[in-house]
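Please keep the sequence and the structure in view while reading.

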Amino acid sequence: DWMIQRLRTAYGDVVVHEAASLARARQLLQALPTLDLVLLDLGLPDGRGSSLIGEILHGHGSAQVIITTIYDDDEHLFSALRAGASGYLLKDQPAEAFEAALLALRDGVPALSPSVARRLISHFSLPAPDCGDADCLTGRERDVLVLIARGLSVSEAAESLRISAHTVRGYVKEIYRKLGINSRAEASLKAGRMGLIRLE
């Protein structure tokens, strides 16, 4: 209801269809001949909204898919953009800012919340990685990378290695710096490519 109100305030008397689940959204995709704009939440009762992006673009290639969510972490952001989303707006920003971002779409301005734009700039402003393989990591850093890549939390990794969580956080920071990464998902991929873990 909040998003529908933002659309109507921004664009006036537009035709809006709503779906509260992936299943209902798929029904609409089949039934509607055209779509101009899709505001897509990530947390839906029957799955992740990001799984729908490819289907939307396949059937409605001219539609703009704007993620509208509360999730502002790298994993959700970058996976949605890689899937084809053309914008990412956080629902906790003021209604006026949300509406202004929707209106700016008409002028070709990407719909990005300010904090999301800063995150993107920060991501691509990272210094070049010191290395790209396991040889540049110390033995302990490789141990930590393997555990983190397997999904262990910092505290679980610390317990496994019998060192403090503070020390593990220091290793993680150094690993990220050396490998030029900044998320657990990237750490898992790197560890797999280095042959340190097996990617399923």
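Helices (H or I, at least four residues) and strands (E, at least two) are DSSP runs, numbered from the N terminus. An unreviewed UniProt entry annotates residues 1-106 as "domain: Response regulatory"; such annotations may be inferred rather than shown by experiment.

The model is predicted: local features need pLDDT of at least 70 and side-chain atom pairs count only at pLDDT 80 or more, whereas totals for chains, interfaces and linings use all residues. Residues are numbered from 1 along each chain as its sequence is written, and side-chain values use heavy atoms, with hydrogens and water left out.

## The chain as a whole

The protein chain contains 10 helices and 5 strands. Its C-alpha trace spans about 60 × 30 × 25 Å along the principal axes. Of the 200 residues in the chain, 40% are buried. Here buried means under 20% relative accessible area, exposed means over 50%, and partly exposed lies in between (1.4 Å probe, protein chains only). Contact means heavy atoms within 4.5 Å. Among contacts between residues at least 6 apart in sequence, 61% join residues at least 24 apart.

## Two nonpolar cores

A nonpolar core is a set of buried Ala, Val, Leu, Ile, Met, Phe, Trp, Tyr and Cys residues joined through side-chain atoms within 4.5 Å. Which residues touch the most other members of the largest core? They are Leu-40, Leu-52, Ile-53, Ile-56, Ile-67 and Tyr-88, in a core of 24 residues. The elements giving two or more residues to this core are α2 (22-31), β1 (37-40), α3 (53-59), β4 (64-69), α4 (74-83), β5 (87-90) and α6 (114-124). Helix α2 supplies the largest share, 4 residues.

Beyond its neighbours within four places in sequence, Leu-52 is in contact with Leu-22, Ala-25, Arg-26, Leu-29 and Leu-40. A second, separate core has 21 residues, including Leu-145, Ala-149, Val-168 and Ile-181.

Ala-80 lies in helix α4. With neighbours within four places in sequence left aside, Ala-80 is in contact with Ile-53, Ile-67, Ala-85 and Tyr-88. The C-alpha atoms of Ala-80 and Ile-56 are 13 Å apart, and 24 residues separate the two along the chain.

## The annotated aspartate and other sites

The unreviewed UniProt entry places the annotation "modified residue: 4-aspartylphosphate" on Asp-41. Asp-41 is found in the loop between β1 and β2 (43-44).

Ser-50 belongs to the loop between β3 (47-48) and α3. Leaving aside neighbours within four places in sequence, Ser-50 is in contact with Leu-42 and Ala-83.

| Residue | Relative accessible area | Class |
|---|---|---|
| Ala-80 | 0% | buried |
| Asp-41 | 16% | buried |
| Ser-50 | 17% | buried |
| Arg-162 | 78% | exposed |

Arg-162 is found in the loop between α8 and α9. Arg-162 has a positive phi of about 60 degrees although it is not a glycine. Most residues other than glycine have a negative phi.

## Helices and their packing

In helix α5 (residues 95-104), the buried residues include Ala-95, Phe-98, Glu-99, Ala-101, Leu-102 and Ala-104. The buried residues of α5 pack against α1 (2-11), β1, β4 and β5.

In helix α7, Glu-141, Val-144, Leu-145, Val-146, Leu-147, Ile-148 and Ala-149 are buried. These buried residues of α7 pack against α8 (154-161), α9 (165-179) and α10. Just after α7, Gly-151 takes a positive phi of about 100 degrees.

Two packed helices are described by the angle between their axes and the distance between the axes. The axes of α7 (residues 139-149) and α10 (residues 184-193) come within 8 Å and cross at roughly 115 degrees. Axes are lines fitted to C-alpha atoms, for helices over the stretch in contact, and angles run from 0 to 180 degrees between N-to-C directions. At this contact, Leu-145, Ile-148 and Ala-149 in α7 meet Arg-184, Ala-187, Ser-188 and Ala-191 in α10.
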